[in-house]
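Subject: Structure handover

Hello,

Please find the structure below, followed by notes on what was found in it.

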Amino acid sequence: MAGAIAVPGVAENGRFARPVRLDFAKSAPKVFRALVGFDAAAREGLDPALVELIQIRASHLNHCAYCLHMHTNDARKAGESEDRLHMVAVWREAPHFFSARERAALALTEAVTLVAADGVPDDVYAEAATHFDDEELARILALTFAINTWNRVALSTAKRAGTDQR
């Protein structure tokens, strides 16, 4: 457009243009591979549907559209219903969509994801411990650590939802 003034971060069509940021996997390959390995070890032996619910809920809380898009798609591929996917964000208000075990894992995921607010309350931890043995509980914690890290990688590097290239 002749005579138009260029505004940093805004494309000619008036839309916000995200700045190009580094490709984390290419820029820190050893760190990236270590994170992939940690994530794989964390999910080992856990129900794949539960894994996706945990990752979806943490991604909601962290406002990570990239990971949310990826994990809702993964959950669908694993047979998860649209009804349950829509209810993850409001699982407390729709408890009948989730088992007691899933609700305990979602509560623990929230507490760990938001740990700076109130720590991990004893009652939340104790409820999770009634549904999972120590190994499962450790894996759920590790999976929550992993997805929170992935969320931070995606948000820090401005990953766009819908561009997953796995």
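Is valine 120 buried, partly exposed or exposed? Valine 120 counts as partly exposed, because its relative accessibility is 31% (buried means under 20% relative accessible area, exposed over 50%, partly exposed in between, with a 1.4 Å probe and protein chains only).

Before the rest, a note on the source. This is a predicted model, in which local features need pLDDT of at least 70 and side-chain atom pairs count only at pLDDT 80 or more, while totals for chains, interfaces and linings use all residues. Residues are numbered from 1 along each chain as its sequence is written, and side-chain values use heavy atoms, with hydrogens and water left out.

Surface patch

Valine 120 sits in the loop between α7 (115-118) and α8 (122-131). Helices here are DSSP runs of H or I with at least four residues, numbered from the N terminus. Together with Val115 and Tyr125, Val120 makes a nonpolar surface patch of about 230 Å². Patch residues have over 30% relative accessible area and no salt bridge, and nonpolar side chains (Val, Leu, Ile, Met, Phe, Trp, Tyr) are joined within 5 Å. Accessible areas come from the Shrake-Rupley method with a 1.4 Å probe.

Helix α3

Helix α3 covers residues 48-61, and its end C-alpha atoms are 20 Å apart. That agrees with the 20 Å that its 14 residues should span at 1.5 Å a residue; the expected span is 1.5 Å times one less than the number of residues. The helix is mostly covered, with ten of its 14 residues buried. Among them are Leu50, Val51, Leu53, Ile54 and Ile56, but also Glu52, Gln55 and Arg57. The buried residues of α3 pack against α2 (29-43), α4 (65-77), α5 (82-87), α6 (100-113) and α9 (134-156), where contact means heavy atoms within 4.5 Å. After α3 comes histidine 63, which has a positive phi, near 60°.

Cysteines

A search of the whole structure finds zero disulfides, a disulfide being a pair of cysteine sulfur atoms within 2.5 Å. Cysteine 64 is in no disulfide, and the nearest cysteine sulfur, in cysteine 67, is 3.4 Å away. For cysteine 67, that 3.4 Å to the sulfur of cysteine 64 is too far for a bond. Cysteine 64 is buried, with a relative accessible area of 1%, and cysteine 67 is buried at 3%.

Salt bridges

Side chains of opposite charge can pair when their charged atoms come close. The structure holds eight salt bridges, each a side-chain nitrogen of Lys or Arg within 4 Å of a carboxyl oxygen of Asp or Glu.

Arginine 84 forms a salt bridge with glutamate 80 (2.5 Å, N to O), and arginine 84 and glutamate 80 are both buried. Arginine 84 also meets glutamate 102 in a salt bridge (2.8 Å, N to O). Glutamate 102 lies in helix α6 and arginine 84 in helix α5, so this pair ties together parts that are 18 residues apart in sequence. Glutamate 102 is buried, as is arginine 84.

Arginine 92 and glutamate 110 meet in a salt bridge of 2.7 Å, N to O. Arginine 92 lies in the loop between α5 and α6, and glutamate 110 in helix α6, so the pair ties together parts that are 18 residues apart in sequence. Arginine 92 is partly exposed, with a relative accessible area of 48%, whereas glutamate 110 counts as buried at 13%. Arg57, Arg92 and Glu110 are linked in a network of salt bridges.

Regards

Definitions and conventions
Helix = DSSP H or I, 4+ residues; strand = E, 2+ residues; numbered from the N terminus. Patch = residues over 30% accessible without salt bridge, like charges linked within 9 Å, V, L, I, M, F, W, Y side chains within 5 Å.
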